[in-house]
Amino acid sequence: MTATNITTVVDGYIAMWNETEPIRRRALAADVFTEDAGYLDPVMAGDGHDGIDAMVDAAQQQFPGQRFELTDGPDTHHDRVRFAWRLVGQDGPVAAGVDFALVAGDGRLRAVTGFLEPAGV
């Protein structure tokens, strides 16, 4: 895993969370995640491309017009990556977190575990 490759994957991950067009969002999910990947944080979970796509769609319905931004990282070692993000609305940040992921041999994410932080981070 090279820093350039994982940066591209993490950028695609953030883009997936922001993509509102279902076909493009699903294509980003396939680019970023392995077929058997899973996502888990304190408030949502999704398995496989379909489950992750449905989870992102639900988050977009809950937070319309708000966008995710990468705020730190990615930091990598071995088959692990860590990065921080925030969700920003019209009036500023509404959520923030740190995600930890396992990277598969093909460079895509195999599992993501998200931790939420105070929104002002």
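Predicted model: local features only at pLDDT ≥ 70, side-chain atom pairs only at ≥ 80, totals over all residues.

Me: How many helices and strands does the protein chain have, and in what order do they run?
Reply: The chain holds three helices and six strands. Starting at the N terminus, the order is α-α-β-β-α-β-β-β-β.

Me: Why can the protein chain be called as compact as a globular protein of that length?
Reply: Its radius of gyration is 13 Å, close to the 14 Å given by the globule rule for 121 residues, so the chain is as compact as a globular protein of that length. The C-alpha trace spans about 40 × 30 × 25 Å along its principal axes, and buried residues account for 43% of the 121 residues.

Me: Now the strands. What should I keep in mind about their side chains?
Reply: In a regular strand, side chains alternate between the two faces of the sheet. Here, β4 (residues 80–89) and β5 (residues 92–103) run antiparallel, joined by ten bridges. For a landmark, find L87, which stands opposite A95 in β5.

Me: Which strand is joined to β5 by eight bridges?
Reply: That is β6 (residues 109–117), antiparallel to β5. Here D99 stands opposite G114 in β6.

Me: How many residues lie between the strands in each hairpin?
Reply: The hairpin of β4 and β5 has two residues between them. In the hairpin of β5 and β6 there are five, and G107 takes a positive phi near 95°.

Me: And the charges: how far apart are their mean positions?
Reply: The mean positions of the 9 positive and 19 negative charges are 2 Å apart.

Conventions:
Residues numbered from 1 in each chain as written. Heavy atoms only, no water. Helix = DSSP H or I, 4+ residues; strand = E, 2+ residues; numbered from the N terminus. Rg over C-alpha atoms; globule rule 2.2 N^0.38 Å. Buried < 20%, exposed > 50% of the residue type's maximum accessible area, 1.4 Å probe, protein only. Lys, Arg positive; Asp, Glu negative; His and termini not counted. Charge placed at Lys NZ, Arg CZ, Asp CG, Glu CD. Pairing = 2+ DSSP bridges.
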